[in-house]
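Dear colleague,

Please find the structure below, together with its sequence. A summary of what was found follows it.

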Amino acid sequence: MDPLKPAPLRERDITRHIAREFYKEFDQLIESDVIVVGGGPSGLICTRDLASMGFRTLLLEQGLALGGGFWSGGYLMNKATLCEPANEILESLGVPCKPIKECSGMTMVDPPHATARLIAAAYESGAKVLNLTKVLDLILHDEGVLEGVVVNNTTAEMAGHDIIHVDPIALESKVVVDATGHDAVVVNLLHRRNLFQKVPGNGAMWVARSEAMVVENTREVYPNCFVTGLAVAAVDGSPRMGPAFGSMILSGRRAAELVRKKLKRE
Ligand code: 48F
């Protein structure tokens with residue numbers, strides 16, 4: 001037998017089993033312990049850690065591909081920097097991190113390799129993922145109790161409501177993590193509902209300060225809403241950092257730890 005001969009699959013079976021599998025899984029995603037919004041580096045490590053701890057964790061990403069801004073270094077150069085000790089986290093997931101002799105505390109990674117490993121780690125931890133899923137609004141009961149998010153298919157949203165008017169749907173969770181980077185989408189939605197102050201956006205670049213502040217200020221910004229990664233800088237108006245990804249990884253891990261403490265307390 002030719003080991004490379006493809007099995008003769010039927011078209012109807014391919015369609016049927018994709019649909020069955022998707023909707024069977026989707027049924028379980030309607031209610032989670034944690035919804036992480038945004039599949040960049042901070043959201044991916046946070047998702048991976050929470051699912052490894054045994055929480056029902058759902059990652060929502062508006063794009064087709066997970067990875068956010070971690071697919072390349074700055075200026076489309078395919079190398080990125082990582083401050084210590086974030087390299088230890090990525091190395092434990094199988095990402096080669098190269099120390100830079102002339103620059104103590106700094107390591108280099110190949111972004112596509114690191115991103116691919118983070119994505120694989122999220123899946124392997126048991127987390128569930130819905131890509132092409134855009135968070136548009138929040139479930140807020142009793143005028144302020146956060147109970148989950150409102151989403152739509154990204155392509156339906158991109159077409160615009162004049163062309164395709166599709167109502168969104170709701171997904172419930174005990175906790176929502178805002179890992180949407182510069183946009184801080186979840187916190188901005190809280191602001192839109194008069195539940196949070198205006199989100200200032202990032203300040204000008206200052207890497208050392210920014211990386212430290214992002215990790216230190218990773219926190220629960222509103223009951224049941226945690227913020228991680230560059231969204232922390234956007235919410236606080238702290239400086240941007242460009243292609244320095246260490247704090248994204250450290251912040252994602254810290255957010256998962258804070259969520260764990262919160263959910264264990266209940
Ligand atoms: O931007 P992103 O990579 O955020 P991050 O994890 O990392 C930031 C770095 O990549 C880099 C940097 C620091 O090194 O300057 O920018 O904080 O990933 C954010 C993800 O959120 C998705 C977006 O497509 C991206 O993949 N996202 C944004 N808005 C929504 C969303 C939304 N409304 N619904 C779902 N996903």
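**Findings in the predicted model**

Glu-91 is a residue of helix H3, which spans residues 86–92; helices (H or I, at least four residues) and strands (E, at least two) are DSSP runs, numbered from the N terminus. The model is a predicted one, in which local features need pLDDT of at least 70 and side-chain atom pairs count only at pLDDT 80 or more, while totals for chains, interfaces and linings use all residues. Residues are numbered from 1 along each chain as its sequence is written, and side-chain values use heavy atoms, with hydrogens and water left out.

With a relative accessibility of 38%, Glu-91 counts as partly exposed. In this account, buried means under 20% relative accessible area, exposed means over 50%, and partly exposed lies in between (1.4 Å probe, protein chains only). Between Glu-91 and Tyr-222 there are 33 Å in space, C-alpha to C-alpha, and 131 residues in sequence.

Leu-93 belongs to the loop between H3 and strand E4 (98–99). Its relative accessible area is 15%, so Leu-93 is buried. Leu-93 touches Ile-45, Arg-48, Arg-117, Leu-118 and Ala-121, where residues up to four places away in sequence are not counted; contact means heavy atoms within 4.5 Å. The C-alpha atoms of Leu-93 and Ala-120 are separated by 9.1 Å, and these two residues are 27 residues apart along the chain.

Pro-85 is in the loop between E3 and H3. The peptide bond that leads from Glu-84 to Pro-85 is cis, with omega near 0°.

**The ligand and its surroundings**

Where does the ligand sit in relation to the pockets? The space that the ligand takes is the largest pocket. The search for such spaces ran on a 1 Å grid over the protein atoms alone: a cavity is a set of points where a 1.4 Å probe fits but cannot get out, and a pocket is an open set with protein on both sides within 12 Å along at least five of seven lines; lining residues have an atom within 4 Å of a point. A molecule sits in a cavity or pocket if more than half of its atoms lie within 2 Å of its grid points.

Helix H2 (41–52) and strand E7 (133–141) are the elements that give two or more residues to the shell around the ligand. The largest share, 3 residues, comes from E7. There are 25 residues around the ligand, of which Ser-42, Glu-61, Gly-69, Val-135 and Leu-230 come nearest; a residue is near a molecule or strand if one of its heavy atoms lies within 4 Å of it.

For Gly-69, a backbone N or O atom lies 2.8 Å from an oxygen atom of the ligand, and for Leu-230 the distance from a backbone N or O atom to a ligand oxygen atom is 2.8 Å. For Ala-244, the corresponding distance is 3.0 Å. A polar contact is a pair of N or O atoms within 3.5 Å; within protein, one must be able to donate a hydrogen and the other to accept it, and residues adjacent in sequence count only if both atoms are side-chain atoms.

Gly-69 itself is found in the loop between E2 and strand E3 (80–83). Gly-69 is exposed because its relative accessible area is 53%.

**Thr-57 in strand E2**

Thr-57 has its place in strand E2 (residues 57–60). Is this residue buried or exposed? Thr-57 is buried, because its relative accessible area is 4%. A polar atom of its side chain lies 3.5 Å from the backbone nitrogen of Ala-51. Leaving aside residues up to four places away in sequence, Thr-57 touches Val-34, Val-36, Thr-47, Leu-50, Ala-51, Ala-127 and Lys-128.

Leu-132 is in the loop between strand E6 (128–130) and E7. Its phi is near 50°, a positive value in a residue other than glycine. Leu-132 counts as partly exposed, at 25% relative accessibility.

Asp-142 is in the loop between E7 and strand E8 (145–153). Although Asp-142 is not a glycine, it has a positive phi of about 50°. Asp-142 is exposed, with a relative accessible area of 69%.

With kind regards
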